[in-house]
Amino acid sequence: MNRTIELEQQNVVQAYARPPFVLEDGEGVWLQDSSGKQYLDMVSGIAVNALGYGDPEIADTLRDHASKPFHYSNLYHSEPMARLAARLVDATPFADRVHFQNSGSESNEAAFKFARKWARTHYGEGKTNIVAFSGAFHGRTMGALAATPRPKYQEPFKPLMPGVRFAEFNNLESAAEAIDDSVCAVILEPVQGEGGIYPASNEFMVAVRELTRKHNALMVLDEVQCGVGRTGAFWAYEPYGILPDVLCAAKPLAAGLPIGAVLVTERVADVIHPGDHGTTFAGGPLVTSIADVVVRRVSDSDFLTHVQETGAYLKERLQEINSPHIQGVRGRGLMLGVQLDIPVLPLVQAGYEHGILLLNAGSDVLRLIPPLIVTKAEVDLAVDRIATLLIQVE
Ligand SMILES: Cc1ncc(COP(=O)(O)O)c(C=O)c1O
C-alpha cells in the first residue's frame, strides 16, 4: 500500500472515504497524483479553487509575504484586511461593512449571532427564530448544522441549537407560513449546492425579501458555494434584483486558504460592538492579501463574461450527451448539476480511472464546479470523458 495512504488510515480520524491515490501537484485545471497521473478537475476542491492551480499572481503574492508575519491578531490594525474589506464592500451593492471569519460554517454562525443581537436590540426579547429551507446546507458547526435539515448530519449530534424552523425551498406559501414576527433571520442559498444544484426561483427570492421586510427579519444569503463568480455574476443574488441584509461568503475567496466573510448593511453592523464577536485567525494579513487578488480578478467583467460563456457552453455540451440516464441539466454559470436516474458515486469512482475528478450533490446529481478559468477545450474533454463514463456504467 502507498505509504501516505497507510499513514492516513492509521492516524487520521476516518471521517472521509478517500480514493486510493495521493494528490501532489496541480497546474491550471489539472491535478497530478504521486504516480504522475493527471486528473481533469471538475470539483475545484468543492468550489474553492476558482483560479485553478499554480496561478502566477497568487504565487507572487505568497512570495511577497513569505518573510512577513502571517498573523498579527484582530487586536491590531493591518493594511491587507482593511484593503480587502474596502474591495469587498465596493464589489457588493448592498453591503456597508464586512466581518471576517475562517470558513463558511463560521460565517453563517456569525450571521445568526448578528441577527439575534440585531433583533434583541431593536425589538426586545422573543424575536430569536431562524428560518431555513429544505435541501439547505449551511455547515457542520452546531448552529449551522441546526439550519441544515438532513437527518444523517443532524441525528448523531443532537441536541442542536434551538430556534430554527424549516420551510420548503421555492414554495411561497410554505415560506409565508414559517416567517412571522418571531423570526430574526431567514437564511437561504440563491443556488443550493449540496442539496442538488437548485436555483431559487425569481418569485421565491422576491417573496422572501418581501416577507422578511414585512416581519422585520434579516434576509441572510449563504453564498459560501455559489458566490464569488461561480454563477457568472460576482454574487449569485445579483440577477434577482433584490438586496439582502447579510451575505456569507467563504470557499473561493482566498484561493484555497481558509477564509469567511460576512457582509452586512450599516443597520446590522450598528448593533455589533467591540467584544461582541471575534475569532483568533480571521482576517490575517496573508489570507486577506491573497483574497484581495481573488476578488479583484473575479469581479472583473471580462472574467465574469468568461464564466457565463464557458458555463453556458458546458451546459449545452452536457445536454447533448446521448445517455438514457440523463434526466436534465440545471444550474447557473459554472455551477451545474446533471440529474441522473442512477446513483452518481460509481460514476465518480470510474472517473478516477479515466483521469477526471467529479462530485455528487446528493445521491443522483452529478455536480460540476470546475475552476472558473476552465476553457472550452477543457470543457470538451470533460464532457467526452463523462459521456464515456455514462456508457460504461450502463
Ligand atoms: C452553501 C454552503 N454553506 C456553508 C458551507 C460550510 O462551509 P465550510 O465547510 O467552509 O464550513 C458549505 C460547504 O459546503 C456550503 O456549500
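This is a predicted model: local features need pLDDT of at least 70, side-chain atom pairs count only at pLDDT 80 or more; totals for chains, interfaces and linings use all residues.
**Around the ligand**

- There are 13 residues around the ligand, and G104, S105, D222, Q225 and K251 come nearest; a residue gets onto this list if one of its heavy atoms lies within 4 Å.
- S105 has a polar side-chain atom 2.6 Å from an oxygen atom of the ligand, and G104 places a backbone N or O atom 2.8 Å from a ligand oxygen.
- On its own the ligand has 390 Å² of accessible area, and the protein covers 83% of that (Shrake-Rupley method, 1.4 Å probe).
- Helix 5 (residues 104-123) gives the largest share of the shell, 3 residues; helices here are DSSP runs of H or I with at least four residues, strands are E runs of at least two, and both are numbered from the N terminus.
- Sorted by class, the shell has 7 polar, 4 charged and 2 nonpolar residues (Asp, Glu, Lys and Arg are charged; Ala, Val, Leu, Ile, Met, Phe, Trp, Tyr, Cys and Pro are nonpolar; the others, Gly among them, are polar).

**How helices pack**

- Helix 12 (residues 301-320) and helix 14 (residues 376-392) have axes that come within 10 Å and cross at roughly 25 degrees, which makes the two roughly parallel.
- For these values, axes are lines fitted to C-alpha atoms, for helices over the stretch in contact, and angles run from 0 to 180 degrees between N-to-C directions.
- Angles under 35 degrees count as roughly parallel, over 145 as roughly antiparallel, 65 to 115 as roughly perpendicular and the rest as oblique.
- Helix 4 (residues 79-90) packs against helix 11 (residues 285-298) at about 30 degrees, with the axes 8 Å apart, so helix 4 is roughly parallel to helix 11.
- Helix 4 passes helix 11 in a left-handed crossing.
- Helix 3 (residues 56-65) also packs with helix 11, at about 155 degrees and with axes 10 Å apart, so that pair is roughly antiparallel.
- Helix 3 and helix 11 make a right-handed crossing.

**Backbone details**

- The peptide bond from K158 to P159 is cis, with omega near 5 degrees.
- You'll find P159 in the loop between helix 7 (151-154) and strand 6 (164-167).
- A47 isn't a glycine, yet has a positive phi, near 65 degrees; A47 lies in helix 2 (residues 44-47).

Note on methods
Residues are numbered from 1 along each chain as its sequence is written. Side-chain values use heavy atoms; hydrogens and water are left out. A polar contact is a pair of N or O atoms within 3.5 Å; within protein, one must be able to donate a hydrogen and the other to accept it, and residues adjacent in sequence count only if both atoms are side-chain atoms. A crossing is left-handed if the near helix is turned anticlockwise from the far one by less than a right angle, and right-handed if clockwise.
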